[in-house]
Amino acid sequence: MNSIQTDQKFLIKSTLFTFLGTALKVIAPVLTIVIARTFGKEIFGVYVSTQLFIFTLSRIAVLGLDKGLHRHLPQNKVCGRPDHEGVVESMWVSVAISLVMTLFICGGSIFDLQRISSGLAMLSSTEISLYALSIVPYTMLLVFAGASEGSRHPQYRIFINDFAVMTFAPVLALGLFFCGFEKKLALPVGFFVANILGVLVYIFLTKKMFPQMAWFVRKKIPRELLNFSLPLGFSEAVSSFLLRVDLWMVLALLGPEAAGVYAVMITISNGLKTIRQSYNPILQPVVAGMSKERLDTDLKPVFSYCVSMVTLVQLAIGFFIVLFPEQTMMIAGKSFVTKENPVATLGILIIGNLINGFFGLSGSIINGLGKSKFMLLMNIVSLLMALLMNRICIPIFGIAGAAISSMSYQIMQCIWMNLYLKKMGYWPYQKYLWIQVIWIALLAGIYFAINTSCNPSLLMRGLGYGVVILLILATFWVQGLSGKKFSKKKKN
């Protein structure tokens, strides 16, 4: 097969794995509810908070190298380097940093330094040390996931990191608890064992992916990988803060009740954002593996395929939320429907995520081309813009102001990224994507109509949604997204 056909096969397979992984991830929240009911809200609250702390420390320890491998490994083939260069070097550096963090926390727990934090004060030295032991294996999981995605095996990250570890941790904790293990120790031990099991599976899979790789080397991290990864690591940290700043400012300016309502809306609308984000580690290695000649000929059909898939899935979800906002908000309870207008705020968040789903995937191209410093600069500017917009809009419009701020900085990012690509000589959108633009405009029109002038019955909304789904499926078929017409679109 030629290169474009290879990319086509990989994208279709990765799309199927992504959808399957998303379905499987539903199991983890169900188990989380069981954990909360079994262990009580106090122990559960500490468990979740401490687990997020471990995730944050592991993200710092990895220095962005896991994301850097998305580009570096495909570039190894383009540049004629060993296909595994950068994997084991990144792993040992990340392990060393995470080990220092672990020893520091365990040492501090001997002197009860966890008492400084009111949230962790209830943890004993043994408990906090058990939680800290997970930093090293979880950091290894991040590096192995980056290596698998960079070598075009995203299913490993989907099934191990996103599903298996997050599912086995509560299952093991429940098993230990019902076997008579002490309640406070069952959760950290279960989490640690689940991470270790994930690492062992990755070691076996990594040997298959890179049979020539030596596990114990004294090589430094390749300079190209490090220079690309460090800005990306900082950018990830800034982006993480950017995703939460509107909620934090709602809490600060409007209080916890409004923040609770907005948190539910963010959770619902972020389902669309997750779809786009799931394509980043799929598209980026493909772009990074393209030579200059292939970028000129194959980038457009590959990118347009991903944009088509992301947008159509987002539209199917977005139309449901816009047509049935109150029913969607009822997931959290009746009180969340009556506090604010869910149509206005949810609609703004949905439209912002749809625009970002269509134009924002260009960030994967920029990272694939090695321009991580640009992404860091853009995220810093976006954060400053979000802070300013939230401060202005929230006092005037309430939680709808936070949604306006979120949509505004996403539009700014999309415009900036695509102008940057255009400046580099790339415009990766094929003509048939105008259909997706019309779909987004139609959703926005329905949002404004429902929010201003008309209020159709539930029956009419249900019939309308059925027609929309049929038309979206027709769009999928006409655009040949199953792969049958993929190579033909290359000429457009």
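Start by selecting Lys371: at 34% relative accessibility, Lys371 counts as partly exposed (buried is under 20% relative accessible area, exposed over 50%, partly exposed in between, with a 1.4 Å probe and protein chains only). The model is predicted, so local features need pLDDT of at least 70 and side-chain atom pairs pLDDT 80 or more, while totals for chains, interfaces and linings use all residues. Residues are numbered from 1 along each chain as its sequence is written, and side-chain values use heavy atoms, without hydrogens and water.

Stay on Lys371. It sits in the loop between α16 (362-368) and α17; helices are DSSP runs of H or I, at least four residues, numbered from the N terminus. Show its contacts (heavy atoms within 4.5 Å). Leaving out residues up to four places away in sequence, Lys371 touches Phe228, Ile366, Tyr420 and Met424.

Next, select Ile380 in helix α17. Ile380 is partly exposed, at 38% relative accessible area. The largest share, three residues, is from α17.

Last, go to Val250. Val250 is among the residues that touch the most other members of the largest nonpolar core, which has 77 residues. Such a core is a set of buried Ala, Val, Leu, Ile, Met, Phe, Trp, Tyr and Cys residues joined through side-chain atoms within 4.5 Å. Apart from this core lies another, of 51 residues, including Tyr47 and Trp215.

Terms used
Helices (H or I, at least four residues) and strands (E, at least two) are DSSP runs, numbered from the N terminus.
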